[in-house]
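Here is a short briefing on one protein structure. Please look through the sequence and the model before reading the points below.

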Amino acid sequence: MSEIKIPKINSRQKGLQIQFYTTVSAKYSETGKRHQITGASEEEVQKKFRKEVKRAIAGQMDFEKHKDDTVEQVVEMFLEFAKGDIKKQTHSRYYRAYVNYVRGSSFGAIPARKVKKYHCDDFIRTLTNGTIAYSYVYQIKCVVSQAFDYACDREIMGWNFMRKAKVNEDKCKEPEDRELGVWEDDEIKTLQVGSMECWNGCRKYRNSPALFILCGTGLRLGELLALKWGRVNLTQRTIKIERTQTEYTDYGTNSKIYEESTPKNRTSRRTVVINNFTYKWLLEQKRRTEQAGIESEYVIPANSGRMVKESSITETFKAFCNYVGVEYKPSHTCRRSYVTNCLDKGMKLALVSKNVGHMNKRLRLIATNACGLLY
């Protein structure tokens, strides 16, 4: 795939919308005929192109070479095929599940053609031993099942028995009880005073306004860290959320990668209104960046001007809260605080769900206490 270059992507007017397109040659077409691939964006066209080329190449596979492939080899082949079709962070999670639980296992050593339902049941049973959470066991099962579907499509396997395997949730690790609160009124007031004193007095915690911007917008931390000033309109008081920070492991180099990516889901692409509280702290963040002599397109920049890593800003929040004397709470607490405050002010649940980019309009509220933030 790395040797196959995607042809130039052009655009044209299609009704009221712009349509992007490119051409797939007959050699790499599933139908064997040259044809166009279209999409609403260049990224969508690229994704469709890669997917079709992969399928075309897979269709030309020498099945005789793969008739004795093991479960491990089938899963690894599927993960290689899936590159580019799923988000990098998702692929990283799939690969980690494969490395930790399939590669080198007795189940992974079974010839794929000989896998029966009891093999799958036994494999799932080894995972439900009280040490792995149900959600992760289910993810492992899904990765293997997708790999078996891939193998069945290519006649490497005759049937996907993993589809029939059941995960006994009662035998999985109990989910951890997390402290799911919100920021209280007095805590926010103390943090605001502390933030101004720390910066004006001794130039400490330059990026602490990020905590208040999160509380005032309901953004996910990754969305804020990938936010650039070009998507912030201080005149019309709106923020366009189109990107987020992605963290994943590149298993080729065994290194952590931080980069911009598309948001979590389709509804995450949204426009957020800047209220007075957020407006104040956006200006304060801008002032501090300029005073520090940092030139950056990012709203919350690192000292280098590049995008701040999520782990770095988390450490900043922890140190800042400790310095001010307020108990630290995870960044997602800001999101719950925003939701709680909106509902307390009488905002409709569907609108709150839309504002935070939630897929489900019946937003599940973990925060139950009103925080009454000063907006």
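**Briefing: helices, sheet, cysteines and backbone**

Helices α6 and α7 cross in a left-handed manner. The model is a predicted one.

**The α6 and α7 pair**

- Helix α6 covers residues 185–202 and helix α7 covers residues 209–217; they pack at an angle of about 145°, and their axes are 10 Å apart.
- On the α6 side, the contact involves Ile188, Leu191, Gln192 and Ser195.
- These residues meet Pro209, Leu211, Phe212 and Cys215 of α7.
- By type, the residues of this contact are six nonpolar and two polar, with no charged ones.

**The sheet**

- Strands of a sheet pair through backbone hydrogen bonds, and the pairing can be parallel or antiparallel.
- Here three strands make an open sheet, in the order β1-β2-β3, with antiparallel pairing.
- The edge strands are β1 (10–14) and β3 (35–39), each of which pairs on one side only.
- On average, neighbouring strands of the sheet are turned by 40° against each other, with direction ignored.
- Five bridges join β1 to β2 (residues 17–24) in the antiparallel sense.
- Lys14 has Gln17, in β2, as its bridge partner.

**The cysteines**

- A disulfide is a covalent bond between the sulfur atoms of two cysteines.
- Zero disulfides are found in a search of the whole structure.
- Cys321 is in no disulfide, and its nearest cysteine sulfur belongs to Cys334, 8.7 Å away.
- Cys334 is in no disulfide either: the nearest cysteine sulfur is that of Cys215, at 3.6 Å, whereas a disulfide needs the two sulfur atoms within 2.5 Å.
- Cys321 counts as buried, with 1% relative accessibility.
- Cys334 also counts as buried, with 2% relative accessibility.

**Residues with positive phi**

- Most residues other than glycine have a negative phi.
- Glu155 is not a glycine, yet its phi is positive, near 65°.
- Glu155 lies in the loop between α5 (134–153) and α6.
- With a relative accessible area of 56%, Glu155 is exposed.
- Tyr205 is not a glycine either, and its phi is positive at about 55°.
- Tyr205 sits in the loop between α6 and α7.
- Is Tyr205 buried or exposed? Tyr205 counts as buried because its relative accessibility is 16%, and the cut-off for buried is under 20%.

Notes. Residues numbered from 1 in each chain as written. Predicted model: local features only at pLDDT ≥ 70, side-chain atom pairs only at ≥ 80, totals over all residues. Heavy atoms only, no water. Pairing = 2+ DSSP bridges. Helix = DSSP H or I, 4+ residues; strand = E, 2+ residues; numbered from the N terminus. Axes fitted to C-alpha atoms, helices over the stretch in contact; angles between N-to-C directions. Buried < 20%, exposed > 50% of the residue type's maximum accessible area, 1.4 Å probe, protein only. Left-handed = near helix turned anticlockwise from the far one by under 90°. Contact = heavy atoms within 4.5 Å. Nonpolar A, V, L, I, M, F, W, Y, C, P; charged D, E, K, R; others polar.
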